[in-house]
Amino acid sequence: NPAISITENVLHFKAQGHGAKGDNVYEFHLEFLDLVKPEPVYKLTQRQVNITVQKKVSQWWERLTKQEKRPLFLAPDFDRWLDESDAEMELRAKEEERLNKLRLESQGSPETLTSLKKGYLFMYNLVQFLGFSWIFVNLTVRFFILGKESFYDTFHTVADMMYFCQMLAVVETINAAIGVTSSPVMPSLIQLLGRNFILFIIFGTMEEMQNKAVVFFVFYMWSAIEIFRYPFYMLSCIDMDWKVLTWLRYTVWIPIYPLGCLAEAVSVIQSIPIFNETGRFSFTLPYPVKIKVRFSFFLQIYLIMLFLGLYINFRHLYKQRRRRYGQKKKKIH
């Protein structure tokens, strides 16, 4: 018969039981960091008492208790632990699932619409896989035949296909934004904008950049990641899990993604003197300022944003891998 109550935002617990000090009366008090509802709910089992306390306002707390120092007897249950970003993604996924269910119920047969959605996603991922595979194989074969000479005409050889694949990648971000897929929008948007900036602005508008070796490394890193990512999504559409492909999808990005960002950074650095020399995209502020703003200034800002985007996407990919392969932390009794 445990006595459990909340008064003045303090949880009071008192009960007779067998614990670390044998048969005894055990009690504790916890003053919460913020306001909670004064009606705790508890469930008694043979091993423990499960107490559920609800916050008055649904928000994230810096800690559980008002006192900064954690009580010695208090420890987190890591099997039920969620950090803010994990919880947001979980809630977003549940909300998207609920909305999709309501949408399907109002529009027609759920089975038919689900099949159409899977078929659409399968075809999209198949087209992207074929496009990036063509680029990857083309660059690889040319390198083995021509050696380093193949670096300098990479753009003129595969640029059309890269343009097609990167323009089609807009669909991926739209899918995430409108709820067709459960992927978060921000990582997809960062990758889309970053790649298209390099492809259309740095390479596409400057003929001087199109004959540089860095184009080969940028295109090769991009395609090397996608030839594993898109077939993984294809198999997911038909509920298949090929363990080798799954491991590659969640692992191969670890060396390739930073190398790809490094190649992009090199391409931006190499383009700065060219933009300065040609004056392309530079402009002069109107009177009375009359200051010439060089496009290279924005490229230097972009370099900072490039590595910020690397951190955001690397963190996102690491969390995905940890959810798939990370081991749960065990309780310490």
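Helices (H or I, at least four residues) and strands (E, at least two) are taken as DSSP runs, numbered from the N terminus. The model is predicted, so that local features need pLDDT of at least 70 and side-chain atom pairs count only at pLDDT 80 or more, while totals for chains, interfaces and linings use all residues. Residues are numbered from 1 along each chain as its sequence is written, and side-chain values use heavy atoms, with hydrogens and water left out.

The protein chain contains ten helices and seven strands. Its C-alpha trace spans about 80 × 60 × 45 Å along the principal axes. The radius of gyration, taken over C-alpha atoms, is 28 Å, whereas a compact globule of 333 residues would have a value near 20 Å; the globule rule is 2.2 Å times the number of residues to the power 0.38. Contact is defined as heavy atoms within 4.5 Å. Of the contacts in the protein chain with a separation of 6 or more, 64% join residues 24 or more positions apart.

Relative accessible area was used to class residues as buried (under 20%), exposed (over 50%) or partly exposed (in between), with a 1.4 Å probe and protein chains only. Buried residues account for 36% of the 333 residues. The accessible surface of the protein chain amounts to about 21,600 Å², and carbon and sulfur atoms contribute 62% of this area; areas come from the Shrake-Rupley method with a 1.4 Å probe, and for residues only the protein chains shown count as cover. For the charges, Lys and Arg count as positive and Asp and Glu as negative, without His and the chain ends, and each charge is placed at NZ of Lys, CZ of Arg, CG of Asp or CD of Glu. On this basis, the mean positions of the 40 positive and 31 negative charges lie 3 Å apart.

The unreviewed UniProt entry annotates residues 1–65 as "domain: CS". UniProt positions are given in the numbering used here, feature names are shortened, and annotations may be inferred rather than shown by experiment. This span is 0% helix and 51% strand, with its end C-alpha atoms 25 Å apart. Within it, Glu 8 occupies the loop between strand 1 (3–7) and strand 2. Although not a glycine, Glu 8 has a positive phi of about 50 degrees, and the residue is exposed at a relative accessible area of 79%. Gly 17 belongs to strand 2 (residues 10–19) and is partly exposed, at 24%. Beyond its neighbours within four places in sequence, Gly 17 contacts Gly 22, Asp 23, Asn 24 and Tyr 26. The C-alpha atom of Gly 17 is separated by 65 Å from that of Leu 168, 151 residues away along the chain.

The same record gives "transmembrane region" for residues 121–141, 212–232, 252–275 and 295–314. Residues 212–232 are 90% helix and 0% strand, and their end C-alpha atoms lie 32 Å apart. For residues 295–314 the corresponding values are 100% helix, 0% strand and 28 Å.

Ser 236 is part of helix 7 (residues 214–237) and counts as partly exposed at 35% relative accessibility. Ser 236 and Lys 118 are 118 residues apart in sequence, yet their C-alpha atoms are 9.0 Å apart. Phe 281 lies in the loop between helix 9 (253–278) and strand 6 (283–284). This residue, not a glycine, has a positive phi of about 65 degrees and is partly exposed, with a relative accessible area of 40%.
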